[in-house]
Amino acid sequence: MKNFLLLTISLAALTAAAGQAVSSQEPLLYNPYERPKNGPPLTNVFHKVNPAWLLKKLQDPKHHPAARMPNFQFTQEEALDLMAYLKSIAREPGPPIQWPDWATKTFDEMEDDELEAAFDLVDRGRAIWGNARCTICHTVNGPTGGLIGGFVDLRVGGIDLQIAATKLNRDWLYAWLQDPKNYFPDTLMPRYRFSEADVRALVEYILRDDAFLPLDEEEAEDNPELWRELDNPQRAARGKRLIELSRCVLCHDIQGIPEVLSQPERKPPVPAPSFEFLVYDLRCLTCHSIAGRGGTYAPDLTGEGSRIRKPWIANFVQSPDMVRPLSQQMPKFNLTGEEAQIIASYINQWRLDARIPVAIPGGRITPQEIRQGREAFTSRGCFSCHSVGDGPGGIVGPDLTAVGNRLRPGYLWFHLKSPHAVNPYSPEPDYGLSDEDARALAAYLSTRKQ
Amino acid sequence: MRTDRRQILWLLALLLAALPLTAQERGREIYMKRCFWCHGEQGRGDGPAALGMLPRPRDFVRADYRIRSTPYRQLPTDEDLFRVISRGLPGTPMPGWETILTEEERWELVSYLQSLSPRFQREDQEPLTVPTGPASVERGKEIYRAARCFMCHGEGGRGDGGITTALNFQWGLPYWPRDFTRGWTFKGGHEPRDIYLRITGGLNGTPMGPYQDLLSDQERWDLAHYVATLDQEAEETSDDFVVVAAQIEGEIPEAPDAPEWQKAPAILVPLAGQVVLDPPSRWWTPTVGSLTVRALWNRRSVAFLLEWNDPTGPESGLADSVLLQFAAREGSKPYFLFGNSDEPVKVWQWHTGNSTEEWTATGSGQIESVSPSFQVNSSWTGGRWHVLFRGPLRSEPEFEMGEFVPVLFSVSDGANAEFGNTRALSTWLYTTLQRPHSLRPWLNALAGFLGVVVLQLWILLRLRA
C-alpha cells in the first residue's frame, strides 16, 4: 500500500515535470511545402476582380504570358455561366470603404487640389512599396521590376502585377493589404502591419501608377448588359455543372463543389503571440530556411542563434537595414517590439549550432590582443572588402563598424578560423589563420560597437 | 485442482493450433510468398521491388482502389479484387495470377487484402449497373468535348490535355492521364463496359473524379463507346520484326501524313528500360513504351518515319530524343549496346530542336562522332512525335534489295528526366528494301512460254517439211 502511494506521488511529479517540458518545447513551424491547391480560391473572386477582366480571363487564360491556367476553350456563354455561379456563392461584401471623392476619377478629370492629394498618396505608396520590398516576389512593368521576381520559385509566389490596375477591385485591395490571409488562408503573402494611411497610399499607387498598367492598351470593356445576366439562376446552375466537369477544384477552392482529391487537414491557426504564429503570418520560410525546410533566397537561420546577438536580431527585424549592400534587404513588416522580442528569443534559444563556441576560446581577452587584432586587420588587407568606421573600406563584405553589436564573439572566432563551415559559398577567403591571429582579430572585432 | 485447470488450458491451445487455418490466414501465407515483394510486409506498397516501379504498387492500408465497379470513393467489391488478382493490371508491373494460383487461393488472397483496411469491416459496396443497349459513338464524341475530357486526355486521346501539361510543367505534379490510343495499357480493361465503369465511378485518389451525377447513363455509355474507338494503335500496326521499306518513284515526302507513307506497313516496336552503365543499374521507369516505324526508299535514299506518343512534346524539361542503330556491316548482328570490336554499329540520333548526331561505335567506350549523313524533319502534333530520317542508300550501312540490315530503336523522354543512357530501348529488328513491283517477271515468263511455243512450231514445221 505504501509502495503504491509512493508510486502515485512520483508519477504525479513526473507528469508535472513533463507538463513543464511541453511548455518549453521547441515551437513547431508550418510546412512551407504544404499548399493544398495551386490556384487562388474562387469563392469570393467577385469581390476581387472586375467582371470584364474575369470574362476575358476565362475565355483566354493565356492572354497574360505568365498565366499558368490552361485554356479550357470556354465560349462567352459558358464563361458567363461560370461567372454566374461564382457570383451566386460570393459572400455578402463587408461595409464599403470610405474613399475621397476623387477616388473614382482619372488624373485627367481631377481638380488641382485633388491632383495634389492623389500625387502625394501615390508617391507615399511608391516609398512603402520599396520599403516593403514587394519586388522580391512581384514583377511589374518599368524600371523596378522583372529582375528580382525571377529568383523566387514561380510555384512559391510572385504574381505578376502588371495588370493589377485594370483587374483589381479597390475595396478588395484595401482589405487584402490589411490581412491577406483573411481572403486566402494559404497565400504566401506575408501580413505586413501597415497603418491605414499606408494601405490607402499603396492602393492609390497600385491602381494609378504606370507600372501596373497592361502593356497593350487594349482594356477589357465594361458591359452592364452582360453583368445583369449573371443573376440568372439557370446560368448559375449550368455554371456549377461546368465547374464540376472542368475539375476546377483540382486547383481552386470553390464553395459548393465537391472535392476530387483528398485534401490535407487544415490545422487551426496557432494563437498569437507566439513564434509559431509569427513565422506563419509573415511566411518567413518562403525566403529563409530552418532545419532544412524553406526557401534559399535569404540566409539559412538554422544556427543563427549561435551567430547573431539577441538584441541585434530584435532591432533588425523591426527595422531591417542593409547588412550586405550588394544583396537584397529584408522587407519591413512594421513589427511591434513584443513581436520582435518573440522572434529574437526563439532564435536565441532554439537556433543554436553546436560547432560554434559561445565565447572566444582560450580564456580572457587582453587589451594587447585587441591591439594586435586591429593591426592584423590593417596588415592583412581586410578593408579591401570591409569598412570600419570612417576609414577606407570596401563594400563587398558587410560593414564592420558595429559588428560587435551584431555577431557573437565565439562566432567571430569560428568564422575567421573556418569561413566556409556555415555558408560554403561565403566569399570570405580562408586565410588559414593561426589560433593566435584568429583570437586577436575576433577580440578586436567584438569590441567594435556603437 | 490448480494443475488441472492449467492442463485444460494447454489442451485448448493445442486444439486451436490443430484447427485448420481460416481463409484469411491462408491468404496471408500466399501474400507473404507472392505479393510481399512489391506490396510490402504491412501492405503499404513499399516492398523491396517497389522502388523501380511506375506506377507504384497499391497501398492496401490506404485502400484507394482505382479499378472498381462501385461508385466514387467506395471500396471495390470482392469480385473486383478477384478479377484484378486474376487478370493483373495491364500497363503496370502487376501480373495476372490466373495460371499460378488456384481459384480458391485467389479468393483467400481477397480475404486477406480486405483484412488490411478496417474500412472493409465498416463499409458496404453497391456495384454500379452497366447499360447494355445501343450506343452512339457520334454522340460520345460530342460529349468528349462538352464534358471537357480533352482537358486531361487530349483532343486525340493521347493524354496531352492542358490540365496535364499545366500540372506537370507549371506545378511539378506528375499526373499522367490514360493514353486512349494504347488500349492494352488500360488498367481495368478496354471493353466499353470497363470504360463505362471508370467514367461512372472515377479512379479513387486521382484527378479522375466520377461522372455519375454529371452525365446520364446513356451519355456515359455513348462516351465509353467513343473512347473505345480511340484505341487504334494496335489495330493499325503489326508486331512484325522486319521493317520493310516500300519503294516509291518520286521524292520521299516530308509530311508524316503524306499518302505515300500509307504504302509502307507500320510496325509497332515495343520499348523497355535501358541498362545504365554508370552507376551500374537499369532504367526501370521509361514513359515511352512503344514506337511506330514505317520506311520508304527511292533511287537515292532510304527514309524512316518514327512516331511515338508523348503528352508533353517539346515543352519537356529536357530535350526528347530518338535514335536508330544499324549494324554497319553486312551479315553481323552486333552487341545491342553500341556494338563490339568486330561488329561496328552506326547510330543516327535526333534531339528536340532538330539537332542531329551520327556515330560509328565498336563498343560503349568506342564511340566516334562523324558528320551526319542524314536529314531529319520533325513535328509534334496531338501528343505525338513524328520524326523523319532520310539517309543515303549506298553508304554505311549499305541498303540493298534482299539484304536484311539489323536495326534497333531507342527513345528518351525529357519530361521523365531521361537523357544519355537513361532511355527506352527496343531489341534488334531488321529492315530491308522491298523489291519493286514490276511486270518484268511476268513478261519474262510469257516471253519464255512464247519462245517455247515458237520453237515447237518451228520443229514441227521442220519435221513436216
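This is a predicted model: local features need pLDDT of at least 70, side-chain atom pairs count only at pLDDT 80 or more; totals for chains, interfaces and linings use all residues.
A:Arg283 is buried, with a relative accessible area of 8%, and its phi is positive, near 55 degrees, in a residue that is not glycine. For context, most residues other than glycine have a negative phi, and most peptide bonds are trans.

- A:Arg283 sits in a loop of chain A that runs between helix 12 (275–281) and strand 1 (289–290).
- Because its relative accessible area is 8%, and the limit for buried is under 20%, A:Arg283 falls in the buried class.
- A:Ala291 also has a positive phi, about 50 degrees, although it is not a glycine.
- You will find A:Ala291 in the loop between strand 1 and strand 2 (293–294) of chain A.
- A:Ala291 counts as exposed because its relative accessibility is 55%, and exposed means over 50%.

**Cis peptide bonds in chain B**

- Between B:Leu54 and B:Pro55 the peptide bond is cis, with omega near -5 degrees.
- B:Pro55 belongs to the loop that links helix 3 (36–39) and helix 4 (78–87) of chain B.
- The peptide bond from B:Glu396 to B:Pro397 is cis too, with omega near -5 degrees.
- B:Pro397 is located in the chain B loop between strand 13 (384–392) and strand 14 (405–412).

Definitions and conventions:
Residues are numbered from 1 along each chain as its sequence is written. Chains are lettered from A and ligands numbered from 1 in the order in which they are written. Side-chain values use heavy atoms; hydrogens and water are left out. Helices (H or I, at least four residues) and strands (E, at least two) are DSSP runs, numbered from the N terminus. Buried means under 20% relative accessible area, exposed over 50%, partly exposed in between (1.4 Å probe, protein chains only).
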